[in-house]
Structure formats: structure tokens, C-alpha cells
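Hello,

I am handing over the structure below. Please look through it before reading the notes that come after.

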Amino acid sequence: MRMAETPYPTLFSPVKLGSLNLSNRVVSTSHSADVAAFRPGVSAQPFIDYTERRARGGAGLIILQALQVHRSAGKNPAIDRRDMHDKLSALAEVCHRHGTPVIQQLLHSGAAYPSDTNPLLHALWSFSGTLSSSGEEVAHEMSADEIEQVVAAFADAAELAVEAGLDGVELNATHGYLIQQSFTPAYNRRTDEWGDPMQFVTAIIQAIRERVGRGPALGVRISADDFLAPEDGGLGPKGLQEVVRSLSGTGLVDYFNQSEGSRASHYARSIADYRHPHGEFLPLARELRTACEGLPLIGTGRITTPELAETALAAGDCDLVALTRAQIADADFVAKARSGESDRIRPCVGANQGCIDRSIAGMAITCFHNPDVLREHEVEQALAEQGQGTVLVVGGGPAGLKAAEFAARKGRRVVLAERSDELGGLLRVAGYGAKRELVGAVDWLAREIERLEVDIRLGVEVDEDFAAQVGADVVVLATGARCDTEPLLVGSTDRSVRCLGVADAMGADVAGQQVVIYDRLGNDEAYTVAERLTDNGAVVTVMTPLATIGANIGFTHLEGLRRRLHGSGTRQLTDMEFTGVRNGEVLGRHTMSGQTTAVPADLLVAAVPRVPNVELTKGLRAQGARVLIAGDAYAPRSAMHAFREGADVGASV
């Protein structure tokens, strides 16, 4: 039977990487999904299930999270060969079960991260005793013998991966880690043979080939731009292209994998959030490809849709595409695109909260709105247990939508009641400017629950009578939380300044007004409203008792936030506790010095803890209904937490 033609002919065409035959050009590139999985004695099963799920979903190639090759390296050094062999064998088996080649990335982090991240507390190793790229400590300058130890460790790790059944290895020569440090003038100022910029990486490649032969694939991940000016010891795009030409000329490399940057902090640009354009680095990929001498190049940079992937390939920007976050968001990305269901792909919305921001902090990843991540087997088991009867979900925000989806997938009849005239809750309110992309998460869910035949009732204020009419045996309260400014104001204000919560302030008419935003939470809420109000003509001051602006915002967002605040002229008062309102001024006291400050204001916006809306609970339980609570109604947190709680509640009915 002839298969239907795909709208993405290049994306779904085969390609070779050395001796490897890939059925399509979609790559899940190396990312620290669960660094604990590679630690001796720790179960890797969640990571194995996670990896298998992407293979089952159709990924053409999977490159595993990095393996640190030597005990002097960072977060997960390979110090137990038997433990790693068993884990890599299991990973090879599950990927090959679905016809997906799998490659192990090899890494030595060098003078990056604090040495405290190494379980052995081993000093950082470097070529020239430089300060770590994060500026925290001075690294040890390796002797020639120690450098040779590291070269041998790369070869040992490659041999281990191949013996375990993997299809090859990839060297991480980007992100400011040891290999990139070796050919970057800022980090390698040696005068011995290891001062030759190409000596270290070439020695590693030769040692690996001598150990494993020409059969397994060997790739190099390298920056197209190191974001480091030549006067500061960087190479820039042209210099990095020369590195690629030199490596291509060895005849020992099978492919290149593009990234950006020369230090971990550059992840905020190379793994960019929703404020960066999709496909931002494809022009750099195209330039780098010219230096690859015909070897395939994996292109990266917020490629999140099959349409953009196909365009990049057809235009010759790259030969394969990294759709890594896209496959974190939807493990069936490839299968859906191939079968003509691209409109059903759960989109990566560039939130970064669940993936890179958690990864950099050393935590296992999740996804902003895919709560299956790293619990794939658990979720599949829960959904396999089909239920009966009717579930009433009260509230159409992230938690309610997710609860409705999961309950419907379990075979339940689901009624979703929302008192406003649209779905999305506070996430839709917060979806301002570039953050509008986040609303795609609830838009996707709204389409999915409609496909699952959920009975959606908008403009409905639910009470006990409504619940009785629905006849639900389970009621999920996803009723959110409200901002209560009264505790902030009682006893501390003459009420001469109007006060609003964050959600109400988003629509306020503030042109020409002075606004003080009091941020007690340190998350996105205060700064989303700050951006909206400055755009609407307000003069804004942010006051927070926390030591820094955006103390609880992920690092990939923080630099951009600070730039926007400074660019808009927003005044920032940190370590400043709100003490009251008097005579048209908002008053504060510095938490360290005790010095007081008065800021003239027409409006005070309170980014303070919200109060759960759970008033229906008692009456519903009196009727005999099983009442479950999710999202902000359970504990006001972020939309990511609400999606997770909604899924868990929906899976439990």
C-alpha cells in the first residue's frame, strides 16, 4: 500500500551519519533531562522510559544527556563503569526497539560550574589556571600528564558506550566546556604542545577512533558563535568555522551539531525563551555548514514546528534539525507530523521553566505543560485504568483544562464549567506581549478537550444546584485563587493611593501615572504587569523585600528581564519592605539599613500571595460528591504546577 505524501518531504527523508542510516532528520539533541540517572546506584528507569518514549514517537536520532568522562569533571562523572554499562545497554535496547539510533554525548566541563557540583569535590581542571566561566573559583592548571589522562578518559568512555550497544558518541566542544576551552584563546594560554588550539580535540578524536574503529558514528557539537569578542579572547563565527574545517579535514568525524555560546550563562541565548525568534540561529547554521566540507550539520535554535524544520532543511541551512524542546513538549511530534496531524502537536511555547531552568539548577526536568515528562510509564498506567460516570470540572484555567483532558482520556464523561466567557484563566490574562506564546498551552488544551468531546459550559457560575443537575460523582475544583490586598493595607494606609492586584492591574488605564508595584513573590507576576503598564505610559517603580529583582525567575529569563526594566526606566528598590501608604505616597523601609523611602504614586499594584477559592467544597461534599482540588485552588503557584496538578487529579478519577 502506497503511503500518503508528507507535506514535509525533506524532514522525512533518510540521511546518513557515517555508517548510520537515519529514517528521518529529526534529532533529540543532548540535554540534561535527569542528571541523577547517571550517578552510581541511582535508578535510571525514569530516564530510560523518557528516552524510549521519544524513540517510540519517531525521533530519527537521539543523543543522550552528557556523560562526564573523568572524575575531575562536573555533575555526573563516570566513576563506575559497570553501573554505566548497564544503564547505557538499557538505553540502547529501548531505542533500537523502535528503530532509532542512539548516540552518547561525552563531556568534560573543565573550568565551568563550582567544584561543589562534583560529588568528589574535585578541583576544576583547566588549561591555564583560569577563573571559572561563572567567576566563582580559580581552576587548577592541568599538567601534560593530566591532559593525557583526560584524552584517555574520552576514549574509555567512547569504548564503554560502543560496548554497551550505542551507535556512536558526540564530543561536546561548546558551551565553554573543556574542549571549547582548549581552542579558545581566552582559556588556553599554554606554551607547550597543548597550547596548539587543535591539539587537544584532535588527540581525543584520534584516541577514540583508535579505540572503537571507524564503524561507530563520531560527531562534534560546536558553537557557530561563541558570543565572545576577539579582543576578549573569543573566536567568533569565522574562527569557529576554521575549527570545523580543521576537524573535517581529519577524515575521522561524521557530523557536526551546532549550538551557541562559550559559557553556561549563554544558555539563556542558545536555549532561548519565548522572547527570541523561532529559528534565530539558522543564518549562523548556514554559515557553519559551509565549513563542514560536506559532512552533515544538525541545526538548532528554537525550531519548534515541522513547517520551520522543513523550511530550514529545504533552504540548505542544515542537514538535520534539533527538535529537542519540541519533543519534550510532545513525544509524538514526529508521529503526528508524519501522519498529517501537525495541528495536534502540543507546542513548545518557550517557557523554559520546566526544562533548561530546572536542568541548570541540577533538577530533573519536566515541561511547562506536558506533565508526562520523566514519568511516562506512571502516566500511561494511570490512563490505562478506564473509569465510568461523570466528572464535573469547575474552572477553565490550566488545572481545570488538564484535569478535563485526563479524565476524558480515562473514558469519563466530563463537564467543564467556566464562569467567564473564555478558557485559559490567569495564563490568558498574563499572556501579554511576547508572553502571548504561553497562551498556546491553553489554546492547545481547549482544542484537545473539544476533540475528546468534553461538554464545555462557558459563562456558568457553579453552585450546589448546578452540580446536582450535572449528576457528577466527582467534582474537580480548579477555581483558582483571588488577590486579597486587604491584609497589606489594614493599619498601614490612609488609602490615598488606589490598590489593585496583578490581574486587575493588567487592564488599568495608567497613562501618565506613577505606579508602584510591590513584589512579595519574586516571580513573573510583578514584572509582567510592569511591562504592560510601562508600555501603557506609566512611570513604574518596583519595590521588593527580596534581595534581587526576579529572585524566583529562571535564569534564562532573568537577563532579559533586567534589560527590559532598565530600558523602560523602571526604578528598582530591592531589600525594601512595604510599610504603608500616606498622603499619596507608598512607604518602604530597607530591610538591612532601616532607611525609609517614600515614592509618590497614583496606583499601588500588589504582587502578594493569593487566597484559594474553595468556598464550594463544604456544600459539594455535603451532597455526597467526591471533591478534588487542583491548581491555585489547592495552593497558588505557577501555571506549570497547575498543569501538573490538573493532570494528576484527572488521572486519579
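This is a predicted model: local features need pLDDT of at least 70, side-chain atom pairs count only at pLDDT 80 or more; totals for chains, interfaces and linings use all residues.

Residues are numbered from 1 along each chain as its sequence is written, and side-chain values use heavy atoms, with hydrogens and water left out.

Salt bridges: the structure holds 41 of them, each being a side-chain nitrogen of Lys or Arg within 4 Å of a carboxyl oxygen of Asp or Glu. One joins Asp-330 and Lys-336 at 2.7 Å, N to O. Asp-330 is buried at 3% relative accessibility, and Lys-336 is buried at 11% (buried means under 20% relative accessible area, exposed over 50%, partly exposed in between, with a 1.4 Å probe and protein chains only). Another links Arg-190 and Asp-192 at 2.9 Å, N to O; Arg-190 is buried at 14%, whereas Asp-192 is partly exposed at 31%. Salt bridges also connect Arg-81, Asp-156, Glu-159, Glu-163 and Arg-211 in a network.

Cysteines: a disulfide is a pair of cysteine sulfur atoms within 2.5 Å, and by this rule the count is zero. For Cys-483, the nearest cysteine sulfur is that of Cys-499, 7.2 Å away. Cys-483 is partly exposed at 32% relative accessibility, while Cys-499 is buried at 17%.

Patch: Asp-145, Glu-148, Glu-193 and Asp-196 form a negative surface patch (residues with over 30% relative accessible area and no salt bridge, like charges being joined within 9 Å). Glu-193 counts as partly exposed because its relative accessibility is 48%.

Regards

Methods: Patches are made of residues with over 30% relative accessible area and no salt bridge: like charges are joined within 9 Å, nonpolar side chains (Val, Leu, Ile, Met, Phe, Trp, Tyr) within 5 Å. Accessible areas come from the Shrake-Rupley method with a 1.4 Å probe; for residues, only the protein chains shown count as cover. Lys and Arg count as positive and Asp and Glu as negative; His and the chain ends are not counted. The place of a charge is taken as NZ of Lys, CZ of Arg, CG of Asp or CD of Glu.
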